[in-house]
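The stops below are given in the order in which to select them.

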Amino acid sequence: LVTPGGLGGASLRFIITLPTLFAASLAALACTLLSPCANCEVRTLRIGQGLLIGLLVWTVLAIALIPGSSSGSMFLRIGLFSIPVFVALTDRPGPKTLATALAIVWGVNTLYAVFDIASGRQVVGLAGNRNWMASATIALLPWAWIGIRCLLGGWKNGRKGERMGENENVECSSHGATAPHPILSHTLSFFPISRWMSAPILLTTVLAFVVAWFGHSRAVWVVLVAYLVFHVLLRRLGTIARLLLATTLIAAALTAILRSSQIRESVVGENDIRPQLWESTLALIVDHPVAGVGPGRFRAVFPDYRSDEQMRSNKAGSVNDHPHNEILNIAAELGILPALLLCALFLPLAARAPASATGRAAHFTAFMVVGHAMLDKTLVQQPTALAGLVCLGVCWRLILTRWNRAGEDDAVLDSQGESLRIQRTRTIAFCAVLLAVVLIGAREFRGTLQLRKGLFAEHNGN
């Protein structure tokens, strides 16, 4: 962290891994099941809790019935659901807290990427991979804009303790200007930016696009263009119309790419591993449609489904840990039903962006990360995974807030009225989560140290 890229131009680089997503998934699951509702009606909370309990039972049965399944991978897969549900239903951060945190992540990731560019190394930033780095740089860019506006103009209506969703129009004050839309060129047409703020915002935008360009990630630009088309050019279309149009275009593109080798080579390139991965993964799903192959078993089962074309490829032949599409990954490991639930969880991304600054930024970040996850592994790698899942939960929270305002007949559970038994149970659950995270974290840390020792030995010819 202190010396990004290593010391003195060393040719060896080491990444210490910690179970961040595992910890967040486990904590979000415990909090959602044991905490009162903060942002929704009691009925909505019960639906969210029922969804997580059903997934937990489903995956536990899969582990019990399918030998070789991993309990750690089970919580990672559940985290795709538990983290957004937790943020949407029971989390209570203020909008300023979220904006500050994600702006800092963007700044550190971009700083590391600049170090990589200056040292002549592959540009990987905090993510450890050029594709995920480019995704984080573009997806978190609106939070950098909001951070600049709040730093220079102050935080308007951001009262201490205020929950996001209570005031959707929380903005950064800038002489009466509203907060920016994630697409700067589109934004300038409908809100004013003071001249003294335009320079740093423009600078961060140029820096982000330069860093992303060094990432050489085609998928990031494809997803960005898709956002521009569906949420800028076609923003007047209804949610259902945009959803149908997107589904039709994606289905037509995938059919053409998978069925025609000529179209595949001209569109995605001859050496692209994804069409081969998707084709083989679909064959695996057809053979295991109900419960999948079990959490964490994709790596063990997938080699039997690799096609001859994939085996002949220098790049695709060794890729067997993830199908580079999160929906296919869930369908392969947990079955088709959880994959359909994941698709339903992504539905807010087809709706219009919210009116507030944080709402628009969260919508853009979630769209970029989830869209890239259909072509890569951004929902299982950091920092994109947690940022995308949290922002997806924010999108759901704003939707639930509007629903609550539309119908105020149902009672909302008051956190002040929770019983002492619930408080004690939650404390025990937090201690169990902390213990699990420490144990798994220590194991991960020891593993990376052993890898570091082995790489040093190999580098020294031993």
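Start by selecting His-324, which is found in the loop between α14 and α15. Helices and strands here are DSSP runs (helices H or I, at least four residues; strands E, at least two), numbered from the N terminus. His-324 has a positive phi of about 60°, although it is not a glycine. At 11% relative accessibility His-324 counts as buried, where buried means under 20% relative accessible area, exposed over 50% and partly exposed in between, with a 1.4 Å probe and protein chains only.

Before moving on, note how to read the model. It is a predicted model, in which local features need pLDDT of at least 70 and side-chain atom pairs count only at pLDDT 80 or more, while totals for chains, interfaces and linings use all residues. Residues are numbered from 1 along each chain as its sequence is written, and side-chain values use heavy atoms, with hydrogens and water left out.

**The whole chain**

Zoom out and colour by secondary structure. The protein has 19 helices and two strands. Of its 462 residues, 47% are buried. Its accessible surface comes to about 22,300 Å², and 64% of that belongs to carbon and sulfur atoms; these areas come from the Shrake-Rupley method with a 1.4 Å probe, and for residues only the protein chains shown count as cover. Among contacts (heavy atoms within 4.5 Å) with a separation of 6 or more, 75% are between residues 24 or more positions apart.

**The salt bridges**

A salt bridge is a side-chain nitrogen of Lys or Arg within 4 Å of a carboxyl oxygen of Asp or Glu. By this rule the count comes to two. Glu-333 sits in helix α15 (residues 326–334) and Arg-77 in helix α3 (residues 71–89), so this pair ties together parts that are 256 residues apart in sequence. Both Glu-333 and Arg-77 are buried, and the relative accessible area of Arg-77 is 11%. Now show the surroundings of Arg-77: leaving aside residues up to four places away in sequence, Arg-77 touches Asn-329, Ile-330, Glu-333 and Leu-334.

For another salt bridge, select Asp-321 and Lys-377, with the closest N and O atoms 3.0 Å apart. Asp-321 is in the loop between α14 (308–312) and α15, and Lys-377 is in the loop between α17 (357–373) and α18 (384–406); the pair links distant parts of the chain, 56 residues apart.

A cis peptide bond joins Gln-382 and Pro-383, with omega about 5°.

**A buried threonine**

Select Thr-281 in helix α12 (residues 274–287). Thr-281 has a relative accessible area of 0% and is buried. Not counting residues up to four places away in sequence, Thr-281 touches Phe-298, Phe-302, Pro-323, Leu-328 and Ala-332.

Leu-202, Val-206, Val-210, Trp-213 and Phe-214 make a nonpolar surface patch of about 500 Å². Patches are made of residues with over 30% relative accessible area and no salt bridge; like charges are joined within 9 Å, and nonpolar side chains (Val, Leu, Ile, Met, Phe, Trp, Tyr) within 5 Å.

Next, step to His-216 in the loop between α8 and α9. His-216 has a positive phi of about 50° and is not a glycine. At 54% relative accessibility, His-216 counts as exposed.

End on helix α9 (residues 218–233). At 1.5 Å a residue, its 16 residues should span 22 Å, and the end C-alpha atoms are 21 Å apart, which agrees; the expected span is 1.5 Å times one less than the number of residues. Select the buried residues of α9: Ala-219, Val-220, Val-223, Leu-224, Tyr-227, Phe-230, His-231 and Val-232. Looking down the axis of α9, these buried residues fall within an arc of 165°, so they line one face of the helix; the arc is that of the directions from the helix axis to the C-beta atoms. An α-helix has 3.6 residues a turn, so residues three or four places apart point the same way. Turn to the face of α9 away from its buried side, which carries the exposed residues Val-222 and Leu-233.
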